[in-house]
Amino acid sequence: MTMTAAPNIDWDTFVTVLGDIDVVRDRAQVEKLSKDYYYFSPILQAQLADKTADLVVRPTSEAEVLTVARACVAAKVPLTVRGAGTGNYGQCIPLAGGIILDLSRLNAVKWVRPGTACVQAGAKLAAIDKVTRPQGWEIRMYPSTYRTATIGGFIGGGSGGIGSITYGQLRDRGNLTAVRVVTLEDEPRIIELRGDDVQQVNHAYGTNGIITELEIPLGPAYPWAEVIVTFDDFMTAARFGQALGEADGLIKKLISVHAAPIPSYFMGLKSYLPEGCHAALLMVAEPSMELFEALVSELGGTITYHKSAEETGKKTLLAEFTWNHTTLHARNVDPSLTYLQTLFPYDPQLKLVQHMYEHFGDEVMMHLEYFRVGGAVIPAALQLVRFSTPERLQAIIRYHEEKGAFIANPHTYILEDGGRKEIDTVQVAFKAQVDPYGLLNPGKMRGWLERQAANV
């Protein structure tokens with residue numbers, strides 16, 4: 001695949017054009033800011049380890065972003081946008097050098113109204129909640145990197161997370177209201193996208209616009225209790241997760257179920273996780289606790305940990321052992337582990353989940369996260385995989401797909417080869433309009449690469 005490469009330019013002159021905008025040129029710092037958590041994948045480790053930017057630019061305003069965009073277009077320099085770098089697929093790793101545009105200093109919460117907020121792209125998710133929760137509102141969903149991830153990075157590179165059991169995925173209509181985007185045209189401009197038009201840049205890895213500001217919907221802020229429930233049998237734990245997800249009257253934000261031996265990797269929770277147990281890590285609204293406990297009793301679970309809403313937020317959050325933090329904790333114990341991302345079809349009996357659990361055994365350890373898809377409660381798995389060879393990993397993926405599971409492949413940095421599985425012609429067309437030279441995060445959008453090849 002061909003892609004735009006950083007030309008041989010005089011970086012001293014380029015920096016001069018940027019004026020007073022902060023620039024990082026220290027090689028160690030540039031290399032650090034050129035990476036994310038790509039190394040969770042042994043496939044991506046080999047492909048991305050040597051990819052770094054030439055320099056990092058840290059604007060503090062939208063006007064400065066426009067200045068950077070103008071300089072990059074004039075010099076034909078590739079530009080890769082970065083938030084906090086908490087992605088897992090190399091979303092913010094520059095394949096062709098050039099500059100990293102670090103937006104972490106555009107971090108203002110501009111306004112909050114009932115049910116909605118306007119924030120700059122570099123605002124951290126936890127920092128947004130700190131402003132909105134006293135007013136009775138909170139972010140609808142967030143990744144396990146809640147305390148460090150930025151809202152722009154989450155929209156650009158994420159898909160869902162804690163809260164998705166209620167609100168679905170980021171791409172679902174209504175989960176993003178509006179965005180302001182800086183273009184890389186000959187004369188860069190600011191475009192506002194509203195309503196369904198936001199899908200032109202939603203989950204596009206920053207390949208077709210620099211998101212500088214967003215309007216996001218908020219949900220009512222509940223007092224969330226953190227709970228661990230353990231089970232002697234994994235499928236009972238999985239069916240408990242499904243039953244809790246489908247109990248619409250019980251308010252919850254997180255349903256995360258882990259087969260043994262995964263709980264043994266959670267060193268910070270060891271005293272609450274008996275050896276060999278299967279565990280559900282949960283966030284439940286305190287007003288729902290009484291009837292939640294009745295459901296636990298009905299399914300034969302044991303509550304081993306219960307932290308009230310007043311206590312949560314202190315020290316480690318339970319959510320920081322779920323979603324891809326599960327992979328992080330496991331790899332801290334065994335760095336040879338990798339993971340999959342699997343969406344099982346809707347089935348209240350969880351027959352395919354059970355088949356995969358029994359078929360692969362300890363080679364593919366089952367980790368389920370429940371969320372809503374089209375109104376139905378679905379288990380998505382972020383299984384831990386004992387990696388042996390790329391060929392065996394591919395065989396595991398192929399087996400899942402042949403049996404009817406959908407794999408959002410975490411071992412590729414190509415947008416369409418991961419979770420999309422098809423070219424989004426609307427996003428490609430938008431890129432042609434706002435990034436005609438293909439300077440934004442080149443090499444990540446297959447639709448654009450194929451378009452370039454066809455025009456050669």
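Predicted model: local features only at pLDDT ≥ 70, side-chain atom pairs only at ≥ 80, totals over all residues.

**Stop 1: the largest core**

Select Leu 79, Ile 99, Ile 210 and Leu 214. These residues have the most contacts inside the largest nonpolar core, which counts 67 residues.

Centre on Ile 210. Setting aside neighbours within four places in sequence, its contacts include Val 65, Leu 79, Val 81, Leu 101 and Leu 103. Arg 180, Val 181, Val 182, Leu 184 and Leu 440 are also in contact with Ile 210.

In soluble globular proteins, nonpolar side chains tend to be buried together.

There is also a second, separate core, of 42 residues. To find that second core, select Ala 237, Ala 280, Val 377 and Ala 381, which are among its members.

**Stop 2: Val 57**

Go to strand β2, residues 55-58, and pick Val 57. Is Val 57 buried or exposed? Its relative accessible area is 0%, so Val 57 is buried.

Next, show what surrounds Val 57. Residues up to four places away in sequence are not counted. Val 57 touches Leu 18, Ile 21, Asp 22, Val 23 and Val 68, among others. Its contacts also include Ile 99, Ile 100, Leu 101 and Asp 102. Draw a distance from Val 57 to Ile 100: the C-alpha atoms are separated by 6.1 Å, with the two residues 43 apart along the chain.

**Stop 3: Ala 279**

Move to strand β13, residues 278-285, and select Ala 279. Ala 279 has 0% relative accessibility and therefore counts as buried. Which residues does Ala 279 touch, not counting those up to four places away in sequence? They are Ile 228, Val 229, Thr 230, Ser 256, Val 257, His 258, Pro 263 and Leu 273.

**Stop 4: a cis peptide**

Step to the loop between β12 (252-258) and β13, where Pro 261 lies. Display the backbone of Ala 260 and Pro 261. The peptide bond joining Ala 260 and Pro 261 is cis, with omega of about 10 degrees.

**Stop 5: α11 and its two partners**

Show helix α8 (residues 234-246) together with helix α11 (residues 351-360). Their axes are 11 Å apart, and the packing angle is about 150 degrees. An angle over 145 degrees counts as roughly antiparallel, so α8 and α11 are roughly antiparallel to each other. The crossing of α8 past α11 is right-handed.

From α8, Phe 234, Met 235 and Arg 239 meet Val 353, Gln 354 and Tyr 357 of α11. By class, this contact of α8 with α11 has 4 nonpolar, 1 polar and 1 charged residues.

The crossing of α11 and α12 is right-handed.

In α11, select His 355, Met 356, His 359 and Phe 360; they meet Arg 392, Ile 396, Tyr 399 and His 400 in α12. This contact of α11 with α12 divides into 4 nonpolar, 3 polar and 1 charged residues.

**Stop 6: two positive phi angles**

Find Leu 350 in the loop between β16 (342-343) and α11. Leu 350 is not a glycine, yet its phi is positive, about 55 degrees. With a relative accessible area of 2%, Leu 350 is buried.

Then jump to Asn 441, in the loop between α13 and α14. Asn 441 is not a glycine either, and its phi is positive at about 40 degrees. Asn 441 is buried, with a relative accessible area of 1%.

**Stop 7: α14**

Continue to helix α14, residues 446-455. Which residues of α14 are buried? Select Gly 447, Trp 448 and Leu 449.

**Last stop: Asn 324**

Finish in helix α10, residues 323-333, at Asn 324. At 11% relative accessibility, Asn 324 counts as buried. Leaving out residues up to four places away in sequence, Asn 324 touches Phe 40, Asn 88, Ser 144, Tyr 339, Gln 341 and Leu 382.

How values were computed: Residues numbered from 1 in each chain as written. Heavy atoms only, no water. Axes fitted to C-alpha atoms, helices over the stretch in contact; angles between N-to-C directions. Helix = DSSP H or I, 4+ residues; strand = E, 2+ residues; numbered from the N terminus. Parallel < 35°, antiparallel > 145°, perpendicular 65-115°, else oblique. Left-handed = near helix turned anticlockwise from the far one by under 90°. Contact = heavy atoms within 4.5 Å. Nonpolar A, V, L, I, M, F, W, Y, C, P; charged D, E, K, R; others polar. Buried < 20%, exposed > 50% of the residue type's maximum accessible area, 1.4 Å probe, protein only. Core = buried A, V, L, I, M, F, W, Y, C linked by side-chain atoms within 4.5 Å.
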